[in-house]
Amino acid sequence: MDPVSRRALVLLLAGALTLCAVPSVDYATDVSDADQAEIDDLNQQYEELEQQQQEYQAQIDAAKSEKDKYLAEKNQLNGQIDNTQAQIDVLTNKIDLLNSMIAENDATIAELEDEIDKDYEIFKQRARASYMSGDSSTVSLLLGADSFSDFLMKADITARVAENDREMIASLEADIDELQALQEENQANKDDLDSSKSTLDEKKSQLNGQVNVIQGQIEDIDELQRQYEANKAEIDAMMQQVQSEINEIYASYESEGEYTGGVMTWPLPGFTSITSYYGWRFNNTDFHTGIDISGSNVYGQTIVAAADGVVIKAQQTYTQGVGYGRYLIIDHGGSISTLYGHTSQLLVSEGDRVTRGQAIALVGSTGWSTGPHLHFEVRENGTAVNPLSGYLQP
(Lines give C-alpha, C1' and ligand atoms only; values in the text may rest on other atoms or scores of the structure.)
Protein backbone atom coordinates (compact mmCIF):
# COMPACT_ATOMS: atom_id res chain seq x y z
CA MET A 1 0.00 0.00 0.00
CA ASP A 2 1.38 3.47 -0.90
CA PRO A 3 2.08 6.15 1.79
CA VAL A 4 -1.02 8.22 0.93
CA SER A 5 -3.37 5.22 1.33
CA ARG A 6 -1.69 4.32 4.61
CA ARG A 7 -2.21 7.84 5.95
CA ALA A 8 -5.91 7.81 5.02
CA LEU A 9 -6.51 4.56 6.85
CA VAL A 10 -4.51 5.73 9.87
CA LEU A 11 -6.69 8.83 10.20
CA LEU A 12 -9.88 6.80 9.71
CA LEU A 13 -9.05 4.39 12.52
CA ALA A 14 -7.28 6.85 14.82
CA GLY A 15 -10.03 6.95 17.45
CA ALA A 16 -10.04 3.15 17.82
CA LEU A 17 -6.41 2.73 18.83
CA THR A 18 -5.28 2.03 22.41
CA LEU A 19 -1.75 0.78 21.68
CA CYS A 20 1.43 2.15 23.24
CA ALA A 21 3.30 4.66 21.05
CA VAL A 22 6.17 3.58 18.85
CA PRO A 23 9.04 6.10 18.89
CA SER A 24 9.55 8.00 15.64
CA VAL A 25 12.88 7.51 13.93
CA ASP A 26 14.49 10.63 12.44
CA TYR A 27 15.96 9.55 9.14
CA ALA A 28 17.17 13.02 8.13
CA THR A 29 20.92 13.42 8.66
CA ASP A 30 23.51 16.16 8.53
CA VAL A 31 25.33 14.07 5.94
CA SER A 32 22.50 14.73 3.44
CA ASP A 33 22.89 18.48 3.98
CA ALA A 34 26.64 18.22 3.48
CA ASP A 35 26.16 16.21 0.28
CA GLN A 36 23.70 18.76 -1.08
CA ALA A 37 26.14 21.56 -0.27
CA GLU A 38 28.83 19.73 -2.22
CA ILE A 39 26.46 19.25 -5.17
CA ASP A 40 25.71 22.99 -5.10
CA ASP A 41 29.44 23.75 -5.06
CA LEU A 42 30.09 21.42 -8.01
CA ASN A 43 27.25 23.06 -9.95
CA GLN A 44 28.79 26.48 -9.27
CA GLN A 45 32.21 25.27 -10.44
CA TYR A 46 30.69 23.93 -13.65
CA GLU A 47 28.85 27.18 -14.35
CA GLU A 48 32.08 29.16 -13.89
CA LEU A 49 33.95 26.83 -16.24
CA GLU A 50 31.15 27.10 -18.82
CA GLN A 51 31.40 30.89 -18.66
CA GLN A 52 35.16 30.68 -19.18
CA GLN A 53 34.61 28.37 -22.17
CA GLN A 54 32.32 30.98 -23.74
CA GLU A 55 34.96 33.65 -23.17
CA TYR A 56 37.55 31.54 -24.99
CA GLN A 57 35.25 31.25 -28.01
CA ALA A 58 34.48 34.97 -27.89
CA GLN A 59 38.19 35.77 -28.16
CA ILE A 60 38.42 33.59 -31.26
CA ASP A 61 35.32 35.15 -32.82
CA ALA A 62 36.62 38.65 -32.13
CA ALA A 63 39.78 38.14 -34.24
CA LYS A 64 39.64 40.60 -37.15
CA SER A 65 41.81 39.01 -39.85
CA GLU A 66 42.32 35.43 -40.97
CA LYS A 67 45.87 35.54 -39.61
CA ASP A 68 44.67 36.94 -36.29
CA LYS A 69 41.95 34.31 -36.15
CA TYR A 70 44.45 31.54 -36.86
CA LEU A 71 46.75 32.76 -34.09
CA ALA A 72 43.81 33.26 -31.72
CA GLU A 73 42.65 29.72 -32.34
CA LYS A 74 46.17 28.42 -31.71
CA ASN A 75 46.51 30.41 -28.51
CA GLN A 76 43.07 29.60 -27.13
CA LEU A 77 42.70 25.95 -28.14
CA ASN A 78 44.79 24.68 -25.24
CA GLY A 79 42.78 26.80 -22.84
CA GLN A 80 39.57 25.30 -24.21
CA ILE A 81 40.95 21.78 -23.84
CA ASP A 82 42.01 22.46 -20.24
CA ASN A 83 38.62 24.00 -19.50
CA THR A 84 36.66 21.12 -21.03
CA GLN A 85 38.75 18.59 -19.11
CA ALA A 86 38.07 20.54 -15.91
CA GLN A 87 34.32 20.46 -16.68
CA ILE A 88 34.55 16.69 -17.23
CA ASP A 89 36.32 16.32 -13.86
CA VAL A 90 33.61 18.36 -12.11
CA LEU A 91 30.81 16.35 -13.75
CA THR A 92 32.52 13.06 -12.89
CA ASN A 93 32.81 14.11 -9.23
CA LYS A 94 29.17 15.20 -9.22
CA ILE A 95 28.01 11.89 -10.74
CA ASP A 96 29.98 9.91 -8.16
CA LEU A 97 28.45 11.97 -5.34
CA LEU A 98 24.91 11.64 -6.73
CA ASN A 99 25.32 7.86 -7.03
CA SER A 100 26.45 7.77 -3.40
CA MET A 101 23.51 9.93 -2.26
CA ILE A 102 21.01 7.80 -4.20
CA ALA A 103 22.42 4.56 -2.76
CA GLU A 104 22.29 6.02 0.77
CA ASN A 105 18.70 7.18 0.27
CA ASP A 106 17.69 3.80 -1.18
CA ALA A 107 18.96 2.10 1.98
CA THR A 108 17.18 4.60 4.22
CA ILE A 109 13.94 4.29 2.22
CA ALA A 110 14.03 0.49 2.50
CA GLU A 111 14.58 0.72 6.25
CA LEU A 112 11.80 3.28 6.69
CA GLU A 113 9.35 1.31 4.56
CA ASP A 114 10.04 -1.80 6.63
CA GLU A 115 9.44 0.16 9.86
CA ILE A 116 6.19 1.63 8.51
CA ASP A 117 4.99 -1.81 7.35
CA LYS A 118 5.62 -3.30 10.80
CA ASP A 119 3.81 -0.46 12.57
CA TYR A 120 1.00 -0.64 10.04
CA GLU A 121 0.42 -4.35 10.76
CA ILE A 122 0.26 -3.59 14.50
CA PHE A 123 -2.08 -0.71 13.68
CA LYS A 124 -4.49 -3.00 11.78
CA GLN A 125 -4.45 -5.65 14.52
CA ARG A 126 -5.26 -3.08 17.22
CA ALA A 127 -8.00 -1.53 15.06
CA ARG A 128 -9.57 -4.97 14.57
CA ALA A 129 -9.40 -5.72 18.32
CA SER A 130 -10.85 -2.33 19.17
CA TYR A 131 -13.73 -2.88 16.77
CA MET A 132 -14.53 -6.34 18.20
CA SER A 133 -14.46 -5.24 21.85
CA GLY A 134 -15.99 -1.78 21.57
CA ASP A 135 -14.69 1.46 23.08
CA SER A 136 -14.73 2.31 26.79
CA SER A 137 -16.71 5.39 27.76
CA THR A 138 -16.89 7.40 30.98
CA VAL A 139 -20.33 5.93 31.81
CA SER A 140 -19.24 2.32 31.29
CA LEU A 141 -16.16 2.93 33.44
CA LEU A 142 -18.32 4.39 36.24
CA LEU A 143 -20.87 1.55 36.14
CA GLY A 144 -18.16 -1.10 35.98
CA ALA A 145 -16.05 0.33 38.81
CA ASP A 146 -16.10 -1.30 42.25
CA SER A 147 -15.55 2.04 43.89
CA PHE A 148 -14.97 5.67 43.09
CA SER A 149 -11.22 5.20 43.56
CA ASP A 150 -11.37 2.23 41.14
CA PHE A 151 -13.15 4.51 38.65
CA LEU A 152 -10.45 7.20 38.97
CA MET A 153 -7.69 4.63 38.42
CA LYS A 154 -9.37 3.21 35.27
CA ALA A 155 -10.07 6.67 33.93
CA ASP A 156 -6.40 7.65 34.38
CA ILE A 157 -5.22 4.50 32.56
CA THR A 158 -7.64 5.16 29.71
CA ALA A 159 -6.39 8.76 29.34
CA ARG A 160 -2.77 7.62 29.23
CA VAL A 161 -3.52 4.97 26.62
CA ALA A 162 -5.36 7.56 24.51
CA GLU A 163 -2.31 9.83 24.65
CA ASN A 164 -0.13 6.94 23.50
CA ASP A 165 -2.56 6.36 20.64
CA ARG A 166 -2.14 9.96 19.52
CA GLU A 167 1.63 9.66 19.73
CA MET A 168 1.59 6.52 17.61
CA ILE A 169 -0.58 8.17 14.97
CA ALA A 170 1.74 11.18 14.92
CA SER A 171 4.74 8.86 14.63
CA LEU A 172 3.23 7.01 11.65
CA GLU A 173 2.32 10.27 9.94
CA ALA A 174 5.84 11.64 10.48
CA ASP A 175 7.38 8.46 9.07
CA ILE A 176 5.11 8.60 6.02
CA ASP A 177 6.00 12.28 5.47
CA GLU A 178 9.71 11.43 5.74
CA LEU A 179 9.30 8.53 3.30
CA GLN A 180 7.63 10.76 0.73
CA ALA A 181 10.33 13.42 1.14
CA LEU A 182 13.09 10.85 0.66
CA GLN A 183 11.39 9.42 -2.42
CA GLU A 184 11.02 12.89 -3.95
CA GLU A 185 14.64 13.73 -3.12
CA ASN A 186 15.82 10.46 -4.69
CA GLN A 187 13.84 11.11 -7.86
CA ALA A 188 15.31 14.62 -8.11
CA ASN A 189 18.82 13.19 -7.65
CA LYS A 190 18.16 10.55 -10.32
CA ASP A 191 16.93 13.22 -12.73
CA ASP A 192 20.04 15.29 -11.99
CA LEU A 193 22.19 12.18 -12.46
CA ASP A 194 20.69 11.45 -15.88
CA SER A 195 21.17 15.07 -16.94
CA SER A 196 24.78 15.12 -15.69
CA LYS A 197 25.59 11.89 -17.52
CA SER A 198 24.16 13.33 -20.74
CA THR A 199 26.18 16.54 -20.31
CA LEU A 200 29.30 14.49 -19.52
CA ASP A 201 28.93 12.59 -22.80
CA GLU A 202 28.57 15.89 -24.66
CA LYS A 203 31.69 17.31 -22.99
CA LYS A 204 33.71 14.19 -23.79
CA SER A 205 32.65 14.48 -27.42
CA GLN A 206 33.54 18.17 -27.35
CA LEU A 207 36.97 17.38 -25.89
CA ASN A 208 37.62 14.76 -28.54
CA GLY A 209 36.74 17.30 -31.21
CA GLN A 210 39.09 19.89 -29.72
CA VAL A 211 41.93 17.38 -29.46
CA ASN A 212 41.36 16.11 -32.99
CA VAL A 213 41.88 19.63 -34.33
CA ILE A 214 45.53 19.48 -33.33
CA GLN A 215 46.02 15.70 -33.15
CA GLY A 216 47.45 15.43 -36.64
CA GLN A 217 49.56 18.58 -36.41
CA ILE A 218 53.24 18.94 -35.57
CA GLU A 219 55.13 22.01 -34.50
CA ASP A 220 55.08 24.59 -37.29
CA ILE A 221 58.64 25.89 -37.07
CA ASP A 222 58.12 28.23 -40.04
CA GLU A 223 55.16 29.85 -38.32
CA LEU A 224 57.20 30.08 -35.12
CA GLN A 225 59.94 31.93 -37.03
CA ARG A 226 57.42 34.30 -38.58
CA GLN A 227 55.99 35.09 -35.15
CA TYR A 228 59.45 35.63 -33.74
CA GLU A 229 60.65 37.93 -36.51
CA ALA A 230 57.43 39.96 -36.36
CA ASN A 231 57.55 40.35 -32.56
CA LYS A 232 61.26 39.90 -31.76
CA ALA A 233 61.59 42.55 -29.06
CA GLU A 234 58.45 41.39 -27.25
CA ILE A 235 59.34 37.68 -27.44
CA ASP A 236 62.96 38.30 -26.36
CA ALA A 237 61.73 40.20 -23.30
CA MET A 238 59.24 37.42 -22.57
CA MET A 239 61.93 34.73 -22.81
CA GLN A 240 64.30 36.72 -20.60
CA GLN A 241 61.58 36.85 -17.96
CA VAL A 242 61.00 33.11 -18.28
CA GLN A 243 64.73 32.37 -17.99
CA SER A 244 64.93 34.59 -14.91
CA GLU A 245 62.16 32.53 -13.29
CA ILE A 246 63.99 29.31 -14.21
CA ASN A 247 67.23 30.68 -12.74
CA GLU A 248 65.42 31.47 -9.49
CA ILE A 249 64.20 27.86 -9.32
CA TYR A 250 67.75 26.52 -9.65
CA ALA A 251 69.14 29.09 -7.21
CA SER A 252 66.71 27.94 -4.53
CA TYR A 253 67.39 24.21 -4.95
CA GLU A 254 70.49 22.19 -4.08
CA SER A 255 71.10 19.12 -6.23
CA GLU A 256 71.19 15.82 -4.35
CA GLY A 257 73.95 13.21 -4.76
CA GLU A 258 75.91 12.41 -7.90
CA TYR A 259 74.65 11.91 -11.42
CA THR A 260 74.85 8.20 -12.26
CA GLY A 261 72.36 8.06 -15.10
CA GLY A 262 74.79 7.79 -18.02
CA VAL A 263 73.11 8.14 -21.41
CA MET A 264 69.53 9.18 -20.83
CA THR A 265 66.38 7.46 -22.04
CA TRP A 266 64.71 9.16 -24.99
CA PRO A 267 61.98 11.29 -23.36
CA LEU A 268 59.31 10.78 -26.04
CA PRO A 269 59.20 7.09 -27.01
CA GLY A 270 58.14 6.44 -30.59
CA PHE A 271 58.86 9.98 -31.80
CA THR A 272 62.36 10.89 -32.97
CA SER A 273 61.69 13.80 -35.33
CA ILE A 274 63.50 16.91 -34.09
CA THR A 275 61.86 20.04 -35.48
CA SER A 276 64.23 22.49 -33.77
CA TYR A 277 67.75 21.76 -32.47
CA TYR A 278 69.77 23.23 -29.62
CA GLY A 279 71.59 26.45 -30.55
CA TRP A 280 71.07 29.48 -32.76
CA ARG A 281 68.12 29.52 -35.12
CA PHE A 282 66.00 31.96 -37.15
CA ASN A 283 69.03 33.35 -39.02
CA ASN A 284 71.08 33.40 -35.80
CA THR A 285 68.63 35.72 -34.04
CA ASP A 286 67.20 33.34 -31.40
CA PHE A 287 69.10 30.87 -29.21
CA HIS A 288 67.16 27.67 -28.59
CA THR A 289 68.02 26.13 -25.20
CA GLY A 290 66.84 22.60 -25.94
CA ILE A 291 65.49 20.35 -28.65
CA ASP A 292 61.91 20.12 -29.90
CA ILE A 293 60.59 16.61 -30.57
CA SER A 294 57.42 16.24 -32.61
CA GLY A 295 55.60 14.11 -35.18
CA SER A 296 52.17 13.33 -36.57
CA ASN A 297 49.56 12.53 -33.89
CA VAL A 298 52.03 13.46 -31.15
CA TYR A 299 49.48 15.39 -29.09
CA GLY A 300 48.70 13.58 -25.83
CA GLN A 301 51.54 11.06 -26.21
CA THR A 302 53.39 9.98 -23.07
CA ILE A 303 56.56 11.79 -21.97
CA VAL A 304 58.92 9.77 -19.73
CA ALA A 305 61.67 10.70 -17.27
CA ALA A 306 65.05 10.62 -19.00
CA ALA A 307 66.73 9.35 -15.82
CA ASP A 308 66.05 8.73 -12.11
CA GLY A 309 65.52 11.88 -10.10
CA VAL A 310 63.35 14.20 -8.04
CA VAL A 311 60.75 16.61 -9.43
CA ILE A 312 61.84 20.07 -8.31
CA LYS A 313 59.29 22.04 -10.33
CA ALA A 314 55.82 21.15 -11.62
CA GLN A 315 54.44 24.31 -13.19
CA GLN A 316 50.70 23.87 -13.72
CA THR A 317 49.63 27.44 -14.45
CA TYR A 318 50.71 29.29 -17.57
CA THR A 319 49.82 32.05 -20.01
CA GLN A 320 49.09 30.76 -23.49
CA GLY A 321 51.64 32.11 -25.95
CA VAL A 322 54.25 32.70 -23.25
CA GLY A 323 57.30 30.60 -22.33
CA TYR A 324 57.32 26.86 -21.62
CA GLY A 325 53.62 26.67 -20.78
CA ARG A 326 52.93 23.75 -18.44
CA TYR A 327 56.34 22.22 -17.65
CA LEU A 328 58.43 19.98 -15.35
CA ILE A 329 62.01 20.11 -14.05
CA ILE A 330 63.68 16.97 -12.67
CA ASP A 331 66.96 16.95 -10.72
CA HIS A 332 69.10 13.87 -11.44
CA GLY A 333 71.94 14.57 -9.00
CA GLY A 334 75.37 16.10 -9.64
CA SER A 335 73.64 19.36 -10.64
CA ILE A 336 72.28 17.66 -13.78
CA SER A 337 68.62 18.32 -14.53
CA THR A 338 66.10 18.00 -17.34
CA LEU A 339 63.19 20.24 -18.36
CA TYR A 340 60.05 19.11 -20.21
CA GLY A 341 58.03 21.96 -21.72
CA HIS A 342 54.70 22.70 -23.48
CA THR A 343 52.95 19.66 -21.93
CA SER A 344 49.17 19.24 -21.92
CA GLN A 345 49.09 17.41 -18.58
CA LEU A 346 51.51 16.68 -15.73
CA LEU A 347 51.40 13.18 -14.20
CA VAL A 348 53.74 13.86 -11.26
CA SER A 349 54.06 16.53 -8.57
CA GLU A 350 56.85 18.50 -6.95
CA GLY A 351 58.85 16.35 -4.54
CA ASP A 352 58.00 13.08 -6.30
CA ARG A 353 60.86 10.67 -6.93
CA VAL A 354 60.72 9.32 -10.47
CA THR A 355 62.53 6.49 -12.21
CA ARG A 356 64.08 6.27 -15.64
CA GLY A 357 61.34 5.67 -18.23
CA GLN A 358 58.46 6.54 -15.86
CA ALA A 359 55.50 8.41 -17.39
CA ILE A 360 55.63 11.99 -16.14
CA ALA A 361 53.56 14.12 -18.57
CA LEU A 362 51.63 14.22 -21.85
CA VAL A 363 52.62 16.14 -24.98
CA GLY A 364 50.79 19.41 -25.55
CA SER A 365 51.13 22.84 -27.12
CA THR A 366 50.99 25.15 -24.10
CA GLY A 367 53.02 28.34 -23.83
CA TRP A 368 54.78 29.81 -26.88
CA SER A 369 54.11 27.02 -29.34
CA THR A 370 52.71 26.70 -32.85
CA GLY A 371 51.89 23.00 -32.58
CA PRO A 372 52.13 20.01 -30.26
CA HIS A 373 55.69 18.96 -29.37
CA LEU A 374 58.02 18.30 -26.44
CA HIS A 375 60.63 20.94 -25.66
CA PHE A 376 63.39 19.03 -23.84
CA GLU A 377 66.39 20.55 -22.07
CA VAL A 378 69.40 19.25 -20.18
CA ARG A 379 71.00 21.66 -17.73
CA GLU A 380 74.31 21.57 -15.88
CA ASN A 381 74.35 23.78 -12.77
CA GLY A 382 71.25 25.48 -14.18
CA THR A 383 72.81 26.27 -17.56
CA ALA A 384 71.31 24.70 -20.67
CA VAL A 385 73.62 22.42 -22.69
CA ASN A 386 73.13 20.46 -25.89
CA PRO A 387 71.09 17.32 -25.00
CA LEU A 388 72.60 15.50 -27.97
CA SER A 389 76.18 15.98 -26.75
CA GLY A 390 76.52 12.90 -24.58
CA TYR A 391 73.15 12.83 -22.83
CA LEU A 392 70.75 11.66 -25.55
CA GLN A 393 71.01 9.43 -28.57
CA PRO A 394 68.19 9.83 -31.13
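Predicted model: local features only at pLDDT ≥ 70, side-chain atom pairs only at ≥ 80, totals over all residues.
Residues are numbered from 1 along each chain as its sequence is written, and side-chain values use heavy atoms, with hydrogens and water left out.

## Around Y324

Y324 sits in the loop between β6 (309-315) and β7 (326-331). Strands (E, at least two residues) and helices (H or I, at least four) are DSSP runs, numbered from the N terminus. The relative accessible area of Y324 is 5%, so Y324 is buried. Buried means under 20% relative accessible area, exposed over 50%, and partly exposed in between (1.4 Å probe, protein chains only).

Leaving aside residues up to four places away in sequence, Y324 touches several others, including V242, I246, L339, H342, H375 and R379. Contact here means heavy atoms within 4.5 Å. Y340 is 16 residues from Y324 along the chain, and their C-alpha atoms are separated by 8.3 Å.

## Helix α6

Helix α6 spans residues 221-230, and its residues E223, L224, Q227 and Y228 are buried. They lie on the same side of α6, because they cover an arc of only 140° around the axis. That arc is taken from the directions from the helix axis to the C-beta atoms.

D220 caps the N-terminal end of α6. A side-chain oxygen of D220 lies 3.3 Å from the backbone nitrogen of D222.

## Salt bridges

The structure holds eight salt bridges. Each is a side-chain nitrogen of Lys or Arg within 4 Å of a carboxyl oxygen of Asp or Glu. One of them joins E50 and K203 at 3.0 Å, N to O. This pair links distant parts of the chain: E50 is in helix α2 (residues 30-61), K203 is in helix α5 (residues 148-215), and they are 153 residues apart. E50 is partly exposed at 24% relative accessibility, whereas K203 is buried at 6%.

Another salt bridge, at 2.9 Å, N to O, joins R226 and E223. Both lie in α6, three residues apart, about one turn of the helix. R226 is partly exposed at 47%, while E223 is buried at 8%. D286 and R281 also meet in a salt bridge, at 2.7 Å, N to O. Both D286 and R281 are buried.

Terms used. Polar contact = N/O pair within 3.5 Å; in protein donor to acceptor, adjacent residues only side chain to side chain.
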